[in-house]
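The questions below work through one model, moving from a single side chain to the sheet, the charged pairs, the core and the backbone. Each answer is meant to be checked against the coordinates.

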Amino acid sequence: MVKIPSPRRLFRSRSKTTAGIGGGLDMCAMVAEHERIEWEVRPGGMLVQKRRGPDDDGVVEAILVRVSAGCGGWQHDVSIDATATFGDLKVLLSLATGLWPREQRLLYRGRERDDGDHLHMAGVQDKDKVLLLEDPAVTERKLRSTTLAQLMGVPCHSFIQV
C-alpha cells in the first residue's frame, strides 16, 4: 500500500522568505526568467531547453539549400532558416518557379518530405541538395483540362464575319 502525503505538505512554501512580502518579487523574477528560455525539439522528439554557446546572441542560423528540378535541369540556391519546415521552403520556391506549394514535391535523401517536417530534423545542412518535382496528379489534371478545352473548341462563335 502506498502512503499519500497530506495536502499540507504538498503545498506548503519551501522557505519563509517566499511566503512573506518579498515572495511576490521572487515569483516575478522566476516568471521573467522562464519567459526568456528558448525550447527546441530534438530528433528523438524530446522537448529540451535550447543550448547556447558563449558567443550565441540569439541569432538564427541560415543555411543554403541547393534545389534542383528533376527533369528541368535547373538549379536554384535558397537561403532559409535552419529550423524552417519543408512547407516554408515550398513557399520560397513557389516565388522562384511559379509552381504553387501544393503542386510541388520535395525529396531529400530519396524520401518525399511532408510540409510539416523541419529541415534540421530531417538532417538538412548547409549546401545540401533537395530535389523538386512537380506533383504528377496536378500535371495530369492540367493536361486533362487543356485537352478538354481543345476538344470543346471556342465556346462562342461570331455571327458576322468581316
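Q: In this predicted model, which residues does Gln104 touch, not counting residues up to four places away in sequence?
A: Gln104 belongs to strand β5, which covers residues 104–108. Setting aside residues up to four places away in sequence, the residues that Gln104 touches are Lys90, Leu93, Ser94, Thr97, Leu99, Leu132 and Leu133.

Q: Is Gln104 buried or exposed?
A: The limit for a buried residue is a relative accessible area under 20%. Because the relative accessibility of Gln104 is 2%, this residue counts as buried.

Q: Which strands are the edge strands of the open sheet of five strands?
A: The five strands of the open sheet follow the order β4-β3-β7-β5-β6, and their pairing is mixed. An edge strand here pairs on one side only, and this holds for β4 (75–81) and β6 (111–112).

Q: Which residue in β6 is the bridge partner of Tyr108?
A: Strands β5 and β6 pair in the antiparallel sense, with two bridges between them. For Tyr108, the bridge partner in β6 is Arg111.

Q: What angle does the direction of helix α4 make with that of β5?
A: Helix α4, made of residues 86–97, packs on the sheet and touches β3 (62–69), β4, β5 and β7 (128–134). Between the direction of this helix and that of β5, the angle is about 120 degrees.

Q: In which sense do β3 and β7 pair, parallel or antiparallel?
A: One of the contacts between these strands is the bridge in which Arg66 has Lys129 of β7 as its partner. Over the five bridges that join β3 and β7, the sense of the pairing is parallel.

Q: How many bridges join β5 and β7?
A: In β7, Leu131 is the bridge partner of Leu107. The pairing of β5 with β7 runs in the antiparallel sense, and the number of bridges is four.

Q: Why does the salt bridge of Lys90 and Asp115 tie together parts that are apart in sequence, and by how many residues?
A: The side chains of Lys90 and Asp115 meet with an N to O distance of 2.9 Å. Lys90 counts as buried at 6% relative accessibility, whereas Asp115 is partly exposed with a relative accessible area of 41%. Because Lys90 lies in helix α4 and Asp115 in the loop between β6 and α5, the pair ties together parts whose separation in sequence is 25 residues.

Q: How far apart are the closest N and O atoms in the salt bridge of Arg42 with Glu40?
A: Arg42 counts as partly exposed at 26% relative accessibility, and Glu40 counts as partly exposed at 23%. In the salt bridge that Arg42 forms with Glu40, the separation of the closest N and O atoms is 3.3 Å.

Q: Which side chain meets that of Glu112 in a salt bridge?
A: Glu112 is partly exposed, with a relative accessible area of 42%. Its partner, at an N to O distance of 3.2 Å, is Arg105.

Q: Which residues of the largest nonpolar core touch the most other members?
A: At least two residues of this core come from each of β3, β4, α4, β5, α5 and β7. Leu89, for example, touches Val65, Val78, Ile80, Leu106 and Leu119 when residues up to four places away in sequence are not counted. Of the 17 residues in the core, those touching the most other members are Val65, Phe86, Leu89 and Val124.

Q: What is the positive phi value of Arg109?
A: Most residues other than glycine have a negative phi. Arg109 is found in the loop between β5 and β6, and with a relative accessible area of 62% this residue is exposed. Although Arg109 is not a glycine, its phi is positive, with a value near 55 degrees.

Q: Where does Lys127 lie?
A: Lys127 is not a glycine, yet its phi is positive, at about 65 degrees. The place of Lys127 is the loop between α5 and β7.

Q: With which residues is Met121 in contact, leaving aside neighbours within four places in sequence?
A: Met121 is placed in helix α5 (residues 119–122) and counts as partly exposed at 31% relative accessibility. Leaving aside neighbours within four places in sequence, the residues in contact with Met121 are Val41, Arg42 and Pro43.

Key
Residues numbered from 1 in each chain as written. Predicted model: local features only at pLDDT ≥ 70, side-chain atom pairs only at ≥ 80, totals over all residues. Heavy atoms only, no water. Buried < 20%, exposed > 50% of the residue type's maximum accessible area, 1.4 Å probe, protein only. Contact = heavy atoms within 4.5 Å. Pairing = 2+ DSSP bridges. Axes fitted to C-alpha atoms, helices over the stretch in contact; angles between N-to-C directions. Salt bridge = Lys/Arg side-chain N within 4 Å of Asp/Glu carboxyl O. Core = buried A, V, L, I, M, F, W, Y, C linked by side-chain atoms within 4.5 Å.
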